[in-house]
Amino acid sequence: MDIGGWLGRRKLEKLAEADPRFEVWVAERGLLCPYCLKLVAARGADAREKLFVHIEGICERFAEGAGSPEPMAAMEERRQFLGIREALKFHESWSITDKTGRWYCPFCAKPTKVTVDPENPSLDKLARLIPTHLRACFSYRSNPENFKPAEELRELISRLQQDEKLAAQIREKIEAGAEILMQVTRAAKWVCPYCLVCVEHVSLASEVLRRFTAPALIAKHLLHNCEGFRASRTTRPLPEVKARVAQLDGAGAPVPAKPEGGEDDYLSRIRKEIVEIRRDIGMNDELQQSLKKARQVVQQMLPKKVPVIPGYEIALHFKSCLDVGGDFYDFVEKPGGRLGIAVGDVSGHGLEAALVMGMTRKALNMRARGLTDPLEVLMHANSDIVPDLETGTFVTCFYGVLDPARHEVVLARAGHCFALHYAARSGEVRAVKSNGIPLGVLTGPGFDKLLTLASCHLEPGDILLQYSDGLTEAQDGRRELYGEQRFMDSVRAYGRHDADYLVNKVYAHVQQFMGEEPQHDDITLIAVRRKPA
Amino acid sequence: MASAIFEEPGFRVLKQEGRGEGTLVLKLEGSCTSLDFLSNVERIEKIIRGLPESAVVLDVSELDYVNSRFISLLVLLTGSKKRIALHHPSRMLRDLLAVVGIIDWFELILPEGPGTEA
């Protein structure tokens, strides 16, 4: 080595001393070059020397000291990739797939979304896909070194497949209404028809539990704990199972696990829990403090992006006022390319308004997914939330459905501001009027009868706008309201432009009007524009 | 291997072995409507708060009947400054967290593959 080479080596050694990127090992097979990310195979004390020889002599990225090492994150990613590739080569348990090519994780023993093409199995491709599973794999994250040996993994997979197969059969039978499998106690606990034991952790109380949770738990019980199932795969006679349920209940007839209305039941459970949460919060200062933040989080959870509808522009402007506002909005994509649009405003403030807002949005979303008629959506949502509202709390709401095939918006309004229609041909703006009182004021027919439907046909360039009263009630320094007239003038002035430009200009106009005055309420503005021909 | 840090017939909290550095994995099993849970929420909270790890993964995949008391427990645990992750939360639990507005406070580890969503 000449003097130049010696000096270069000293410089490199000094650099490596302070930089952990020169010490990245790949499964004890060698060090990773921090410049070109290649594995320099070597073991033990020689590894560092071999790395330096590689860097000085072969590595093009080093470029005689002009290059710079890659970031640690890139090196970690490369190390994981090479480590996985090594594991795939040398450990059988890393290469287990089923007939369809699904790769089984050697940590959690579950089938993953990673698939191997049996015609063209590529180690590199597999090593690149596996980290997507490992990032979410609970067992891997708990201990990345502890993968299962192939034999144990195969046994676990076979047991898992057996469990899944039986669970699928049970799910089918439950869905077909097999009474023998649906015997529960008054406390909604399942009674096994094979061993007559009350299995506490199996519940059939809701559609979700019946479809998703219970079949797997029942299968687990039958295959691993049930003496009756092990002895004979025949259930006891139904009267005997019913008698056992009656016995467990103390006396009286058994309570069958009859479906109780799917989503309705689910929603009512959430409602019940919200009432309880409210009570808990009232009793606990720490909870109260913690949940003060929750309201802001609820608003942050509102959709950030607007949906894309061919032939239409949709623009949104939402400016939250964190002290007292209660605005929310939602978009629900429906079959046939239709789009449900909801805008609402909860009276009251603080955590109460946050809970009501979250609840109303959830109820509207669930109803909008299942129903087509905006009137029905609002009627059902009203029934859903009325029991949860404290006296004096109500929600004004707009709900409309855009049908892009017919270029029509059908809408209903529960005490909310009128929607506005901008007609491109005439440049005029009009209110789309319909009747309705806010959600939570009256229940049943009292609310339903007052609700009317309206519709609006959109010609090319036409716009439908929905907004909250925070916009029209924005105040200037003299306490004068921005008002509907200024709003309509503003829409008229910018209606020829695209939807994004329009909502930004309208909001800028409101801000200009308010001057130095603070914003007292949330402002929501949604514009739906049919693209000009 | 797992050892119980709280165990009653209707509810137990298991400490999973083989955890990553600074992260603790606790498996919660049983029903949130059982008296064993309801009458011991404060005790469970204190036990978990007292653990030295700064990040806790709560495996709730085998937890039944999540309810307001469980939500309260989660809220109080976030006050402990520990990072809390929920492993396989049910749809009910996720919806409740969303409605209350605290879903962003937790890292959610969701199940993969068809048919595993509960």
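A:F513 has a relative accessibility of 14%, and because buried means under 20%, A:F513 counts as buried. The model is a predicted one. A:F513 lies in helix 17 of chain A. Apart from neighbours within four places in sequence, the residues in contact with A:F513 are A:A474, A:Q475, A:D476, A:E480, A:L481, A:Y482 and A:R486. One of these, A:Q475, is 38 residues away from A:F513 in sequence, yet their C-alpha atoms are 7.7 Å apart in space.

The next element is a sheet. Five strands of chain A form an open sheet in the order 10-19-18-15-16, and their pairing is antiparallel. Strand 10 (312-319) and strand 16 (429-432) of chain A each have a single partner strand, so they stand at the edges and one side of each has no neighbour in the sheet. From one strand to the next, the twist averages 20°.

A:H421 has A:L464 of strand 18 as its bridge partner.

Helix 9 of chain A shows how burial can be arranged around a helix. In this helix (residues 238-248), A:V241, A:V245 and A:A246 are buried. They sit on the same side of helix 9 because they cover an arc of only 145° around the axis. The face turned away from that buried side carries A:P239 and A:Q247, which are exposed.

Notes. Residues are numbered from 1 along each chain as its sequence is written. Chains are lettered from A and ligands numbered from 1 in the order in which they are written. This is a predicted model: local features need pLDDT of at least 70, side-chain atom pairs count only at pLDDT 80 or more; totals for chains, interfaces and linings use all residues. Side-chain values use heavy atoms; hydrogens and water are left out. Buried means under 20% relative accessible area, exposed over 50%, partly exposed in between (1.4 Å probe, protein chains only). Helices (H or I, at least four residues) and strands (E, at least two) are DSSP runs, numbered from the N terminus. The arc is that of the directions from the helix axis to the C-beta atoms. Two strands pair if DSSP finds at least two bridges between them. Axes are lines fitted to C-alpha atoms, for helices over the stretch in contact, and angles run from 0 to 180 degrees between N-to-C directions. Contact means heavy atoms within 4.5 Å.
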